[in-house]
Amino acid sequence: MRHVDVAVAGLGLSGAAVAWAATRRGHTVAAFEAYAAGHRRGSSHGHSRIYRRAYLDPFYIELTGRAGRLWERLETEADERLLDRVGGVDHGSVREPERMAALLREHGVA
C-alpha cells in the first residue's frame with residue numbers, strides 16, 4: 001500500500017482547493033471523485049461563475065482580494081487563463097452604493 005499524506009474525497013470546489021493547497025505544501029495527495037470530470041451533479045457545475053469584490057463587509061473584500069491573488073497564481077502555474085474579468089453593476093439604495101464604493105477604494109479595488 002502506498003503512503004499518502006492527505007486523502008481528499010470529492011473534487012468539487014472545496015476538495016479541489018484542498019488537494020491543490022496540500023500539493024503546493026509538498027504533501028502527497030490522493031483525491032477521489034465519484035463522477036467523471038465535467039459532471040452536472042455538484043453545486044459547482046456549469047460553465048460560468050461569479051467572482052465579485054463588491055461587499056459591504058470589509059472582511060469579505062479582503063478575502064476576495066486574497067482569493068484573486070490565488071486565482072492569478074493558479075493561472076500562472078497552469079499556464080492558462082481561468083478568469084475573464086468583465087466588470088459588473090451593483091445598484092439600489094439598499095445596497096448602500098456610496099459606502100460600498102468607499103470600502104472598495106479603501107481596499108484598492110478599482
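User: Before we start, what does "buried" mean here?

Analyst: Good place to begin! This is a predicted model, and each residue is sorted by its relative accessible area. Exposed stands for over 50%, while buried means under 20%.

User: Which residues of helix H3 are buried, and why do they line one face?

Analyst: The buried residues of H3 are Met100, Leu103 and Leu104. Looking down the axis of H3, these buried residues fall within an arc of 100°, so they line one face of the helix. In general, an α-helix has 3.6 residues a turn, so residues three or four places apart point the same way. The names you asked for are Met100, Leu103 and Leu104.

User: Which helix do the buried residues of H3 pack against?

Analyst: H3 has two sides to think about. The face turned away from its buried side carries exposed residues, namely Glu98, Arg105 and Glu106. The buried residues of H3, in turn, pack against H2.

User: Is Thr64 buried or exposed?

Analyst: Thr64 sits in helix H2, residues 58-78. Leaving out residues up to four places away in sequence, Thr64 touches Tyr51, Arg52, Arg53 and Tyr55. Because its relative accessibility is 11%, Thr64 counts as buried.

User: Which hand does the β-α-β unit of S1, H1 and S2 have?

Analyst: Strands S1 and S2 run parallel and are joined by 4 bridges. Within this pair, Val6 stands opposite Val29 in S2. Together with helix H1, the two strands make a β-α-β unit that is right-handed.

Key
Residues are numbered from 1 along each chain as its sequence is written. This is a predicted model: local features need pLDDT of at least 70, side-chain atom pairs count only at pLDDT 80 or more; totals for chains, interfaces and linings use all residues. Side-chain values use heavy atoms; hydrogens and water are left out. Two strands pair if DSSP finds at least two bridges between them. A crossover is right-handed if, with the strands pointing away from the viewer, the path from the first strand over the helix to the second runs clockwise. Buried means under 20% relative accessible area, exposed over 50%, partly exposed in between (1.4 Å probe, protein chains only). Contact means heavy atoms within 4.5 Å. The arc is that of the directions from the helix axis to the C-beta atoms.
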